[in-house]
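Have a go at each task before you read its solution.

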Amino acid sequence: MTEIRLFEVRYLGRAKTRMDGSQTAYGWARGSWSVAITKAALHAWFGVSSRPGEAGTLYSTLGVQPTAGADEIKKSYRRLAKQWHPDLCREADARSQFQAIQHAYEILSGPKRAKYDAGLTLQASLTANRGAGAAIDDEYGYRAPLRCGHIMGKGTRQGSRFIMTEILQWTDIFDARGQMLVSSWIYGEDKPSERWVMP
Amino acid sequence: MRGALSKFDPNQLVKGSLADIAKSRGETLAESFLDADCIVIVDVSGSMESEDAAGGKSRYKVACDELAALQSTMPGKIAVIAFSHEVIFCPNGVPLNIGGGTNLAGALTFAKAASFGLSSSVTANRTTPNPP
């Protein structure tokens, strides 16, 4: 039975292919990997094309749709910059991710955006099997731009896990002092690392 | 005539083409397009197969040779669009040989959508466009 549930996801992993063939990202909530979000749901939420051969875009880097306004782009940039700042995020590729976010914002917040959109139009005109750029997924699976948050979505319960197939809302986690959660998982450690920062 | 044209491999990557630049930088075509200054629209209709250019070359081969030289000297600055009865963006720098009619209006409409921020567009065409 389809339900709508809200989870406080303290860390969201990569969307990988599971043994049953599904492609899901496990979320750490309520002390266990109690929620799994499908890759399709993540792609839809963060504006990523799921068509084979199509590249990620600067919009998907910032987790916004190509139709996003300037305010939304700025808001998303600030949010992601906090999550991936190398001084706050302890993941190994935090610096490169942060640079990619800055690069995306530099293009999409300025006069180059129109030209970039024109380039996307040209790119989209190519057929999928000619290839339009690098795949959005790397060998480890798709990683969403955000790794934590209060995530509300539709899905079904399978055993002890809620499988979320559609994301309805995703907001940051704040503590009583108004600080925002930044979550990262360092390779080799047995749990995510959490830091609270002023937004 | 078709045999001569088949020497051009549409999968070939011209040095300095948008796809070549994108590949070397590890970026998407849309990002490599940011540095482009010019769109070159190339007629690849059936008439371009005529081997009446200097040295007995086809008009198509001459156009491809000149485009390759241009992209090599101006890497990442040229976006190539090929047209006949249809219009195709050719990021590898080689205008795809399509044959058929000449839909110049369609090509210009397509190019207009991609012309933001570009200083110019150039049309290489040797025939009379099809009537609208």
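**Exercise 1.** Is Arg5(A) buried or exposed?

*Solution.* Start with the background: this is a predicted model, in which local features need pLDDT of at least 70, side-chain atom pairs count only at pLDDT 80 or more, and totals for chains, interfaces and linings use all residues. Residues are numbered from 1 along each chain as its sequence is written, chains are lettered from A in the order in which they are written, and side-chain values use heavy atoms, without hydrogens and water.

Next, recall the cut-offs: buried means under 20% relative accessible area and exposed over 50%, with partly exposed in between (1.4 Å probe, protein chains only). Arg5(A) has a relative accessible area of 19%, so Arg5(A) is buried.

Finally, look around it. Arg5(A) sits in strand β1 of chain A, residues 3–9 (strands are DSSP runs of E, at least two residues; helices are runs of H or I, at least four; both are numbered from the N terminus). Leaving out residues up to four places away in sequence, its contacts (heavy atoms within 4.5 Å) include Arg30(A), Phe162(A) and Met164(A).

**Exercise 2.** Describe the make-up of chain B.

*Solution.* First count the elements: chain B has five helices and four strands. Then read along the sequence to find the order α-α-α-β-α-β-β-α-β. Last, check burial: buried residues make up 45% of the 132 residues in chain B.
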